[in-house]
Amino acid sequence: MQLVNRARNLKKFFLPPLNRFFLIRLFAVALITFILLKVVFIPLRVRHISMEPAYSNGSFVIGYRHAYKMSAPDRGDVVMIELAGTEVMYLKRVVGLPGDIVEFCAGTLVVNGEEQDEPYVRGPCDWEMEPRKVKEGYVFVVGDNRQMEISRHKFGQTPKIRIAGAPLW
């Protein structure tokens, strides 16, 4: 008897009657989901290997839109950068702040003359880049996968206004 009751309850849960109460619940859930995905969170599919191993190609990331509304990103933060609205975005790590001088010497990131410890970077890197000063209102971003050739990697200064948020995980 108890098994029959459980089966009925499961049927009611998965196949509820199409009445006014069900339609109101359905509308409320759809509205809340829409608001969360348009106002609070940013769903993102990673489509490149530039942030490996932290974020793998093909992985799914949920970002928080308001991560940098009250404060600026800090060195080492991973940010979501808008290119064409929220349809095309880059996931990159902030390595330079306004006024910093950023360069790569023999594959090592150097900021303001100091070599940076980057435990998130794996494998050998042979990047070379002349020193560049980060402009006011900008941050310098780069991916974690430095095994890629420097010519295939998208990095550099980006306006802070283009930072859409930060990944939650």
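In this predicted model, Thr158 touches Ile81, Gly137, Tyr138, Val139 and Val141, leaving aside residues up to four places away in sequence. Thr158 belongs to strand β10, and with 8% relative accessibility it counts as buried, the limit being under 20%.

Strand β10 pairs with β9 (residues 138-142) in the antiparallel sense, over four bridges. Within this pairing, Phe140 stands opposite Gln157 of β10. Both strands belong to an open sheet of seven strands, ordered β1-β2-β11-β3-β4-β9-β10 with antiparallel pairing. Strands β1 (41-45) and β10 (156-159) stand at the edges with a single partner strand each, so one side of each has no neighbour in the sheet. From one strand to the next, the twist averages 50°. Helix α2 (residues 20-40) packs on this sheet, where it touches β1 and β2 (60-64), and its direction makes about 80° with that of β1.

Turning to the aromatic side chains, four aromatic pairs are found in the whole structure. The ring centres of Phe104 and Trp127 are 5.1 Å apart with planes at 70°, so this pair is edge-to-face. Phe104 is in strand β5 (residues 101-105), whereas Trp127 is in the loop between β7 (114-115) and β8 (129-133), 23 residues apart. Both residues are buried. Phe104 also pairs edge-to-face with Phe155, with centres 6.5 Å apart and planes at 85°. Because Phe155 lies in the loop between β9 and β10, this pair ties together parts 51 residues apart in sequence. Phe155 counts as partly exposed, at 23% relative accessibility. Ring pairs join Phe104, Trp127, Phe140 and Phe155 into a cluster.

Charged ends also meet rings: that of Arg93 sits over the ring of Tyr120, 3.6 Å from its centre.

Note on methods: Residues are numbered from 1 along each chain as its sequence is written. Side-chain values use heavy atoms; hydrogens and water are left out. Two strands pair if DSSP finds at least two bridges between them. Helices (H or I, at least four residues) and strands (E, at least two) are DSSP runs, numbered from the N terminus. Axes are lines fitted to C-alpha atoms, for helices over the stretch in contact, and angles run from 0 to 180 degrees between N-to-C directions. Contact means heavy atoms within 4.5 Å. Buried means under 20% relative accessible area, exposed over 50%, partly exposed in between (1.4 Å probe, protein chains only). Rings of Phe, Tyr and Trp (its six-membered ring) pair if their centres lie within 6.5 Å; planes under 30 degrees apart count as stacked, over 60 as edge-to-face and the rest as tilted. A charge sits over a ring if NZ of Lys or CZ of Arg is within 6 Å of the ring centre and within 35 degrees of the ring normal.
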